[in-house]
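Morning, everyone. Here is the structure for today. Please have a look at it while I talk.

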Amino acid sequence: TDEDIKHRAIYVEASRGCPFRCEYCMSSLDPCVRFFPEEKLFAAFSKLLDRGARSFKFVDRTFNIDVPFALKVLAFFKARHAPGMMLHFEVIPDRLPDELMDAVADCPPGLLQFEIGIQTFNEEVAHRIQRPLNIAKIEANMRRLRAETSVHIHSDLIAGLPGEDLASFEAGFNRLLALDPQEIQLGILKRLRGAPIDRHSRDWNMIYSPHAPYEILSTRLIRFEEMQRVQRFARYWNLVVNNGQFIHAAPLIWNGAPSAFAAFMAFSDWLYARTNATGNLHMVRLAKLLLEFLTAEKGLEENTAAAALWMDYQLSLIHI
C-alpha cells in the first residue's frame, strides 16, 4: 500500500531467461533472455519510487549479462537515489568489465547488494553440471569489488553436487571465505522437478528427500551423517556469522586454524551436542555459548573472548 511500501522489499525484474545451463536450476530450461521494453520498465520504476518504494530485489537470473543495459539501470536509480534505497542483483562474477565496475564503485554506500553464485570451486564438478567457471576472473573481480566498491556481497555455495566430496567442499568454502564476502550462504542441493540435475542420480547414488524442498540426503561421496553435519554447519553459520551479530567474536572460532571450515565444523558439532537444536538460539544464549567454546574448547584467554563479545554487544545497541 502507499502507507507501507517504503518499508517493503519490492521484487522486480528487468529480464527473463538465462543463457546458462546449470543443471540444478530451473532457469536452465529457459535459455532465451528477453528484456522488458525500457520505456515501460523505467516508467514502472518511477511510479514505484514516487510512491515511496526504496528496497528493490531484482529477480533477473543474470542481471549483468547485458552490460549496457545494466549500466542504464544503475544510472537510473543513482539519479533517483534517496536515503535508505537498496538494490539487490544476482550477478555473474566473471562478467564485470571496467565500465561496469566503475559504475558500481560510483554508487552511494549502502545502495547495492550483489548475490554472487559460486556454487563450487571444483572445476570438474562445474563442468559436469554444465556451469561455466572462470575461477581466476571470479576471484579477481570479487577482490576488486571488496577493495574498490561499497557493494554488499552475498555469495553462495551448494553442498551435494555430483562428484564433490566433503574435502572438495571444504576447500571451496575456505577459498570463498578468503575473498571476504559479507555473507556466505551454504545451500543444500535440491532436486527440482524437471531440472536436469536428476540425470546424475544413478551414477552418483544421489538420494533426495521425497518431501519439499527435496534436499539431497546423501551421495556416493557424502554419507547421510556428513550431510546432516553440513546442514547444521549452514544453519549455525547463518546464526553466528551471516546475521552480523558477532562480527568480532565469530572469526575467533577459526583464526589461526589451518582450515576455517574444519574449525567452524568443530564449533558446529560442539554447539549441537550442547543444545540439540539449530534454531531458537537467542543472541544472549549464543554469546554465552561462544564464550564457553572459545575459552574451554579453543583455549583463548577469557579477557580476549569477552572483549570481542562486548564489542559485538555494543554494536547491537547501535542498530536497535
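Start with Asp180. Asp180 sits in the loop between helix H6 (166-177) and E8. Keep in mind that this is a predicted model. Asp180 has a phi near 65 degrees, which is positive, and the residue is not a glycine. Let me put that in context. Most residues other than glycine have a negative phi, and most peptide bonds are trans. Is Asp180 buried, partly exposed or exposed? Its relative accessible area is 41%. Buried would need under 20%, and exposed would need over 50%. So Asp180 counts as partly exposed.

Next, Asn280. Asn280 also has a positive phi, about 55 degrees, and is not a glycine either. Where is it? Find the loop between helix H8 (260-275) and helix H9 (283-297), and Asn280 is there. Asn280 has a relative accessibility of 79%. That is over the 50% cut-off, so Asn280 is exposed.

Now a peptide bond. Go to the step from Ala212 to Pro213. That bond is cis, with omega near 10 degrees. Pro213 belongs to the loop between E9 and strand E10 (216-218).

On to Ser201. Look in the loop between strand E8 (183-188) and strand E9 (207-208). What does the side chain of Ser201 make a polar contact with? The partner is the side chain of Asp198, at 2.8 Å. Set aside neighbours within four places in sequence, and Ser201 is in contact with Met206 and Tyr208. The relative accessible area of Ser201 is 15%. That falls under 20%, so Ser201 is buried.

Cys22 comes next. Cys22 is in the loop between strand E2 (15-16) and strand E3 (34-35). Its relative accessible area is 8%, and it is buried. Which residues does Cys22 contact, leaving aside those within four places in sequence? They are Ser28, Ile129, Gln130 and Arg131. Now look at Ala195. Cys22 and Ala195 are 173 residues apart along the chain. Their C-alpha atoms are separated by 9.2 Å.

Take Arg80 and Glu225 as another pair. These two are 145 residues apart along the chain, and their C-alpha atoms are separated by 51 Å. Arg80 itself lies in the loop between helix H2 (67-79) and strand E5 (86-91). At 31% relative accessible area, Arg80 is partly exposed. Not counting residues up to four places away in sequence, Arg80 touches Ser46, Leu49, Asp50 and Met85. With Asp50 there is a polar contact too: the two side chains are joined at 2.9 Å.

Let's step back to the whole protein. How many helices and strands does it have? There are 10 helices and 10 strands. The C-alpha atoms fill a box of roughly 60 × 50 × 40 Å along the principal axes. For 320 residues, a compact globule would have a radius of gyration near 20 Å. The protein has 21 Å, which agrees.

Buried residues make up 48% of the 320.

Last, the surface and the charges. The protein has 36 positive and 39 negative charges, and their mean positions are 4 Å apart.

That's my tour. Thanks.

Definitions and conventions
Residues numbered from 1 in each chain as written. Predicted model: local features only at pLDDT ≥ 70, side-chain atom pairs only at ≥ 80, totals over all residues. Heavy atoms only, no water. Helix = DSSP H or I, 4+ residues; strand = E, 2+ residues; numbered from the N terminus. Buried < 20%, exposed > 50% of the residue type's maximum accessible area, 1.4 Å probe, protein only. Polar contact = N/O pair within 3.5 Å; in protein donor to acceptor, adjacent residues only side chain to side chain. Contact = heavy atoms within 4.5 Å. Rg over C-alpha atoms; globule rule 2.2 N^0.38 Å. Lys, Arg positive; Asp, Glu negative; His and termini not counted. Charge placed at Lys NZ, Arg CZ, Asp CG, Glu CD.
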